[in-house]
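Notebook open, model loaded. I want the fold first, then the cores, then the charged pairs.

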Amino acid sequence: DAGRTWTHLGLRDGQQIPQIQVDPRDADRVYVAVLGHPYGANEERGVFRSLDGGRTFETVLYRGPTAGAADVTLDPQNSDIVYAVLWESQHGPWENAVFSGPASGLFKSTDGGTTWRQIGQGLPTGEEGLGRIGIGIAPSRPSRIYAIVGSPEARGGLYRSDAGGGSCITFATSRVSKWI
């Protein structure tokens, strides 16, 4: 009805949902990045997948009650390839107090979200203060992935991979690093 009526599909305790992706080959397959509560831990975080158009959801990528999903995106030529960003972050009850942790990272699935592996060797690590990552895939060349990486260290910046996460060059800093 062109948006006149809406139905709540779940994930009520997620609070922050920064990204939703619908499989262009199968509108019933939906991925949701759930960031979670900004000021405390909660279980409804990570990447959720629905295979029935949002009637039910299952958690497919989870690394604890303080690590939420900040992004999820599909390869434009093969929707079985899914990339996700987890961000372990919590705001303090006072202004400018932000905590991050080692569960942050970039992940890839080649089977529609059933199994995941962490990618991004050469990017800053959680122990180095890895912050939020934003990702984009070149539609004309899906093996080319761009990642804007936040890090308090000098390693934050713009990265590019030409091998779907296999190798990377840093653009925004004077450093050049490999992302394997």
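**Fold.** I ran through the elements from the N terminus on and got β-β-β-β-β-β-β-β-β-β-β-β-β. The tally for the protein is 0 helices and 13 strands; helices (H or I, at least four residues) and strands (E, at least two) are DSSP runs, numbered from the N terminus.

**Ground rules.** I am working with a predicted model, where local features need pLDDT of at least 70, side-chain atom pairs count only at pLDDT 80 or more, and totals for chains, interfaces and linings use all residues. Residues are numbered from 1 along each chain as its sequence is written, and side-chain values use heavy atoms, with hydrogens and water left out.

**Totals.** I looked up burial: 49% of the 180 residues of the protein count as buried. Buried here is under 20% relative accessible area, exposed is over 50%, and partly exposed is in between (1.4 Å probe, protein chains only). The accessible surface of the protein comes to about 9200 Å², and 51% of that belongs to carbon and sulfur atoms. Those areas come from the Shrake-Rupley method with a 1.4 Å probe; for residues, only the protein chains shown count as cover. I also checked contacts (heavy atoms within 4.5 Å). Among those in the protein between residues at least 6 apart in sequence, 40% join residues at least 24 apart.

**Sheet.** I traced an open sheet of 4 strands, in the order S1-S2-S3-S4 with antiparallel pairing. Two strands pair if DSSP finds at least two bridges between them. Strand S1 (19-22) and strand S4 (58-61) are the edges, each pairing on one side only. From one strand to the next the twist averages 25°, with axes as lines fitted to C-alpha atoms (for helices over the stretch in contact) and angles from 0 to 180 degrees between N-to-C directions. I then zoomed in on strand S3 (residues 46-50), which is joined to S4 by 3 bridges, the two running antiparallel. Arg49 stands opposite Glu58 in S4.

**Cores.** Next I went for the nonpolar cores, meaning sets of buried Ala, Val, Leu, Ile, Met, Phe, Trp, Tyr and Cys residues joined through side-chain atoms within 4.5 Å. The largest has 17 residues, and Tyr83, Val85, Leu106, Ile133, Ile135, Ala147 and Val149 have the most contacts inside it. Strand S6 (82-91), strand S10 (133-137) and strand S11 (145-149) are the elements that give two or more residues to this core. A second, separate core has 13 residues, including Ala33, Val47, Ala69 and Trp116.

Leaving aside neighbours within four places in sequence, Ile135 is in contact with Asp71, Thr73, Tyr83, Ala84, Val85, Leu106, Tyr146 and Ala147.

Leu86 was next on my list; it is found in strand S6. Leu86 counts as buried because its relative accessibility is 1%. Not counting residues up to four places away in sequence, Leu86 touches Gly46, Leu61, Arg63, Gly68, Ala69, Ala103, Ser104, Gly105 and Phe107. I also noted the C-alpha atoms of Leu86 and Val47: they are separated by 8.5 Å, with the residues 39 apart along the chain.

**Charges.** Which side chains are linked in a network of salt bridges? The network links Asp23, Arg25, Arg29 and Asp80.

Arg25 and Asp23 meet at 3.9 Å, N to O. Arg25 counts as exposed at 56% relative accessibility, whereas Asp23 counts as buried at 3%. Arg29 and Asp80 meet at 3.1 Å, N to O. Arg29 lies in the loop between S1 and strand S2 (30-34) and Asp80 in the loop between strand S5 (67-74) and S6, so the pair ties together parts 51 residues apart in sequence. Arg29 is buried at 10%; Asp80 is partly exposed at 26%.

Last, Asp162 and Arg144: the closest N and O atoms of this salt bridge are 2.6 Å apart. Asp162 lies in the loop between strand S12 (157-161) and strand S13 (168-170), Arg144 in the loop between S10 and S11, 18 residues apart. Asp162 is partly exposed at 25%, while Arg144 is buried at 18%. Beyond four places in sequence, Arg144 is in contact with Gly136, Ile137, Ala138, Arg160, Ser161 and Asp162.

Technical notes: A salt bridge is a side-chain nitrogen of Lys or Arg within 4 Å of a carboxyl oxygen of Asp or Glu.
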